[in-house]
Amino acid sequence: MHHRQPLDTDDTVVPRAEFHRGGGTLSRRQFLGSLSAASAALGLLPFDSRWLHADDASALPEGKRLIVRSAKPLNAEPSLDRLGEDWITPHEFFYIRNHGELPHVDAAAFRMSIEGLIEKPQKLSVAELSERFPAVETTATLTCAGNRRNEFTGPKIGGVQWGAGAIGNAIWGGTSLAALLKHVGIQVGARHVWFEGADQIVDKSETYPFGGSIPIEKALSESNGPPGPLLATKMNRKALAPEHGFPLRAVVPGYIGARSVKWLSRIVVSDRPSPNHYLAQAYKLIQEETAPALQVAPPLYEFALNSVICLPASETVVQTGKLKVRGFALPGGAVGTKLTRIELSIDGGERWSEARTTAGMSNPCCWVLWEADVDVAARTDRLLVRATDSSGQTQPREMPWNVKGYQYNAWHQVRLKHG
Ligand SMILES: Nc1nc2c(c(=O)[nH]1)N[C@H]1C(S)=C(S)[C@@H](COP(=O)(O)O)O[C@H]1N2
Ligand SMILES: [Mo]
């Protein structure tokens with residue numbers, strides 16, 4: 001089996017601070033200048049020229065306030081304190097995960113083709129999709145399988161060094177994939193639905209689109225009840241932004257973000273899973289990157305149970321006494337899975353106390369927000385969170401290493417300092 005190099009390797013190093021594009025805060029030069037002055041004043045390491053490798057703020061689209069993890073291709077996530085504030089993630093704080101350059105899509109000429117094991121292969125414009133099928137709206141959380149990659153211990157993992165912010169919750173508007181599939185007439189033997197984006201991933205020897213597939217049962221689930229996949233044209237009731245897949249993207253509730261293909265230009269109904277690199281090779285939990293290991297490992301579909309403390313930020317200086325703690329939690333992505341418990345520990349995981357949920361408990365395939373007031377003692381040096389869902393799983397104390405650094409979901413921790 002031909003086995004490609006990882007494509008998303010990211011050797012750029014970006015300081016952990018928020019850049020603000022489009023609002024007239026610090027320019028990149030001012031920011032880097034103030035940073036080096038500040039680190040000099042604190043007697044820290046001298047200014048690190050590797051920071052210049054990432055084209056930081058200037059890589060961000062207008063109106064985005066994110067930490068740039070790699071500028072080319074663009075990968076960026078919000079700071080956790082900001083992410084935890086709204087159940088519906090505002091556009092400016094919604095993460096961006098791209099494997100290649102943003103494609104130039106001419107919206108007027110754009111057609112999505114649907115073909116394969118169907119009665120009526122066709123090409124549809126976005127206008128035709130919205131005229132022929134009822135409008136649907138679904139709130140669903142999107143999260144990258146690589147979220148929290150930077151917490152893995154063990155051999156250094158390549159790829160974008162995500163913190164815990166490669167996640168967001170949005171209201172997606174468009175049409176139902178199931179409705180389209182029924183209209184085009186599925187043939188006997190159909191088992192998987194492939195998606196292809198208009199972006200071109202340039203590998204050493206070849207160029208191919210980003211793509212993947214989902215099993216037919218998932219594709220045919222409706223938008224009412226457990227939410228089915230969408231062909232989305234809107235995000236938070238506005239037209240999709242270019243970086244989020246304008247003019248059309250798939251949104252697959254409950255599945256890792258990689259299955260929600262952006263700039264969706266081709267759907268193929270097939271008797272087998274997509275041969276695309278991002279389904280057949282990437283996005284698998286493997287211990288070594290060899291052809292036999294990749295062959296046997298199934299593709300990742302559902303996202304993993306998770307929870308994260310957003311406030312206070314790690315290393316915050318706190319007083320003893322009551323402390324407000326806030327964050328988010330996500331049930332596993334299997335149909336019908338709900339969170340049953342979110343717990344905090346101030347003693348390294350000996351004793352746990354429950355947090356209260358503040359938003360999202362009745363929404364399938366969505367994160368919830370939670371908060372708690374904990375009693376901080378002089379010896380309290382860290383806070384831990386873990387969640388349990390209706391599948392019976394609880395987040396583990398430790399997460400086994402995997403080559404690509406996917407689905408990290410061990411207890412999330414923030415360190416506290418005392419003033
Ligand atoms: N065409 C295309 N679709 C894509 C990707 C991509 O690089 N190209 N990245 C995927 C991954 S890995 C994730 S996590 C989500 C991120 O969606 P967002 O950038 O809108 O947050 O898009 C998915 N869809
Ligand atoms: Mo992702």
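The legends below describe close-up views of a sheet and of cavities in a predicted model.

In this predicted model, local features need pLDDT of at least 70 and side-chain atom pairs count only at pLDDT 80 or more, whereas totals for chains, interfaces and linings use all residues. Residues are numbered from 1 along each chain as its sequence is written.

**View 1. An open, antiparallel sheet of four strands in the order E14-E16-E20-E19.** Strands (E, at least two residues) are DSSP runs numbered from the N terminus, and two of them pair if DSSP finds at least two bridges between them. Because E14 (306–311) and E19 (356–359) each have a single partner strand, they stand at the edges, with one side of each left without a neighbour in the sheet.

**View 2. The pairing of E16 with E20.** Strand E16 (residues 321–330) and strand E20 (residues 368–376) run antiparallel and are joined by nine bridges, and Arg326 stands opposite Glu371 in E20.

**View 3. The largest cavity, with a volume of about 230 Å³.** A cavity is a set of points, on a 1 Å grid over the protein atoms alone, where a 1.4 Å probe fits but cannot get out, and lining residues have an atom within 4 Å of a point. Of the 19 residues that line the largest cavity, Arg97, Arg249, Gly257, Ser260 and Lys262 are the closest to its centre.

**View 4. The second largest cavity, with a volume of about 110 Å³.** Among the 14 lining residues, Thr143, Cys144, Asn147, Ala304 and Asn306 are the closest to the centre of this cavity, while E14 and E16 each supply at least two residues of the lining.

Definitions and conventions. Chains are lettered from A and ligands numbered from 1 in the order in which they are written. Side-chain values use heavy atoms; hydrogens and water are left out. On a 1 Å grid over the protein atoms alone, a cavity is a set of points where a 1.4 Å probe fits but cannot get out, and a pocket is an open set with protein on both sides within 12 Å along at least five of seven lines; lining residues have an atom within 4 Å of a point. Grid points are joined across faces, edges and corners, and a volume is the space filled by probe spheres set on the points.
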